[in-house]
Amino acid sequence: MATRRNWRTAQARALDRVHARLAARARPARGFVSQPEPRTIGFFAKGRQLMAGNLMFAGHLVEAKGVLPWDLDAPDEAFSEEIQGFAWLDDLAAVGDPRARKLAQDWVWGWIDRYGRGTGIGWAPGLTGRRVIRWIHHALFLLRGRPAEEAAAFYRALAAQARFLARRGQGAEPGLPRFEAMTGLLYAGLSLEGMEEHVGPALATLSAECRRQIDAEGGIPTRNPEDLLEVFTLLTWVQSALAEAHRETDSAITEAIGRIAPTLRTLRHADGGLARFHGGGRGLEGRLDQALAASGSKRRQADGLAMGFARLSAGRTSVIVDAAPPPAGPASAQAHASTLAFELTSGRRPVVVSCGSGEGFGAEWRRAGRATPSHSVLCLQGYSSARLSPERWVGPARRELLEDAPRHVPIQMTRLADSLRFEGGHDGYLGGQGLTHARSLILEHDGRTLRGEDYLVALDAAARKRFDRAMDGVRLAGLPFEIRFHLHPEADVTLDMGGLAASIALRSGEIWVFRFEGKVEMALQPSVYLEKGRLRPRATKQVVLSGRAMQYATRVRWTLAKAQDTALAVRDLARDEADGTV
């Protein structure tokens, strides 16, 4: 299987190279049909960094003032791909002054000189689509003050990329890359003179991908919330571009937008950021608000379930739980072993988090970020609830697949008179240790208290036999487990009452107090927060409850409750100690 995937990938790249060179020989476009307007959001600060010569891409910082990025020795392929996607044009356009325009022009025409004849790794369908969208969005910014021969070179390069997408766009990896490729082709067909013939095929492929990739609940196979946001954004751009061209939007695209919007609202925390699961981050600031506004949809999932995630929300508190098996098949190449893990945000402050995706920090961090111990969930004997297989070729890149993942994840959501309850379980440890992990989360109606229970249970005779064998392997010492609660770097945590409680102070002034019941010990351990766009992981802490499963059923209860201020939190702890509660 690995050899066959390898051959297919090599063949796909060879076809890309052939069609890129053929496309570069085609006749150029004559100009724009209408003046395009930018729809992408850039960051002024990032634009200023680029102007200062600080190139920050894919977790690497390269200082290259006065040097074209195409002349650099890239630290890795991810660095090169991010530059080739041209999202940095958004940031330079956000600055918008003559110096920023001059830098953007130098980089764009430098790319045309170096790669415009169909060479380089940038001629992959997904990357080409992303690049074409940015070139068209910022065409007026780029063409201002350029002589006629340079404008002709720009149109010629755009036309070549459009024809490449017409030939190879459908060969892009399914999911976000194919949506990017087809959106780029549609943009070119609507915007460039002589490219109208591409609108119909691009629209037909986008419609087919909406039917194929976006399910009835508005989810995608990768279960990556940030990927879903990017697909949603592209579809809203397509809808707007077609409306401006006085063309009718295909019903499949309109319906897909209507299904995705409530799902994204469910996956959104109280602070406006997305839940960080399965390789996704919080999403670019402002992107979600803009996309939801453009969609015109104001619905949300009524039952709090979306794309395999459950949402509990009350007061100013949001809790989002991974309530389904990890993605299967090729989509598992980015999946995390995070079933039943949760995140909690209070107002504008994240409290309990996942470590996040280590994609931008190298292979070791990427692998670590996908494992169960990097999520706020129970981990048995140090094992992940799913296994990372040896690396294989999946799509255009070499990736590790998540295998032996939980298959059965029953859940139930209940709305009680004074609270919301989530109950779920998974069989990820059933085969090895005979135990099912079950988790119950109850968020009180005012959002001030989250009550949790974690169970390890051998449910039947066969499971009890496996548990007994596992116990024999550890000489009846018990199967060690940890329940981890990773905290955001801006949350300060201290142990209280001799390690029987923990106080978590947020910069907003809120205090959250963590308590537990059961035969476990609590400790603070180092953790990391893996965040896109940073040079290195951020140090943080995690609260860890450690114990051993000695019997067929083990239960640990815990609470995370908000106090008004530090004095009240200390008073509550003292009162509980006097009452024997702690």
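This presentation describes the fold of one protein chain and then turns to several of its parts.

Good morning. The model is a predicted one, in which local features need pLDDT of at least 70, side-chain atom pairs count only at pLDDT 80 or more, and totals for chains, interfaces and linings use all residues. Residues are numbered from 1 along each chain as its sequence is written, and side-chain values use heavy atoms, with hydrogens and water left out.

I begin with the chain as a whole. It contains 17 helices and 21 strands; helices (H or I, at least four residues) and strands (E, at least two) are DSSP runs, numbered from the N terminus. Of the 582 residues in the chain, 54% are buried. Buried here means under 20% relative accessible area, exposed means over 50%, and partly exposed lies in between, with a 1.4 Å probe and protein chains only. A contact means heavy atoms within 4.5 Å. Among contacts between residues at least 6 apart in sequence, 70% join residues at least 24 apart.

Let us now consider a pair of helices. The axes of helix H2 (residues 44-51) and helix H4 (residues 88-95) come within 7 Å and cross at roughly 95°. Axes are lines fitted to C-alpha atoms, for helices over the stretch in contact, and angles run from 0 to 180 degrees between N-to-C directions. H2 and H4 are therefore roughly perpendicular to each other; angles under 35 degrees count as roughly parallel, over 145 as roughly antiparallel, 65 to 115 as roughly perpendicular, and the rest as oblique. On the H2 side, the contact is made by Phe44, Lys46, Gly47, Arg48, Leu50 and Met51, and on the H4 side by Trp88, Asp91, Leu92, Ala94 and Val95. These residues divide into seven nonpolar, one polar and three charged.

At 0% relative accessibility, Phe86 counts as buried. Leu340 also has a positive phi, of about 75°, although it is not a glycine. Leu340 is placed in the loop between strand E5 (317-322) and strand E6 (342-346), and it is buried, with a relative accessible area of 0%.

Which residues does Thr266 touch, not counting residues up to four places away in sequence? They are Gln301, Gly304, Leu305, Ala306, Arg311 and Ile320. Thr266 itself belongs to helix H12 (residues 251-266) and is buried, with a relative accessible area of 3%.

I turn next to a sheet. Eight strands form an open, antiparallel sheet in the order E11-E12-E13-E14-E21-E18-E17-E16. Two strands pair if DSSP finds at least two bridges between them. The edge strands, E11 (411-415) and E16 (492-496), each pair on one side only. Neighbouring strands are turned by 15° against each other on average, direction ignored. Within this sheet, strand E18 (residues 511-517) and strand E21 (residues 553-563) pair in the antiparallel sense over seven bridges. The bridge partner of Val513 in E21 is Ala561.

Finally, the cysteines. How many disulfides does a search of the whole structure find? The search finds zero, where a disulfide is a pair of cysteine sulfur atoms within 2.5 Å. Cys210 counts as buried at 1% relative accessibility, and Cys379 is buried with a relative accessible area of 1%. Thank you.

How values were computed
Ala, Val, Leu, Ile, Met, Phe, Trp, Tyr, Cys and Pro count as nonpolar, Asp, Glu, Lys and Arg as charged, and the others, Gly among them, as polar.
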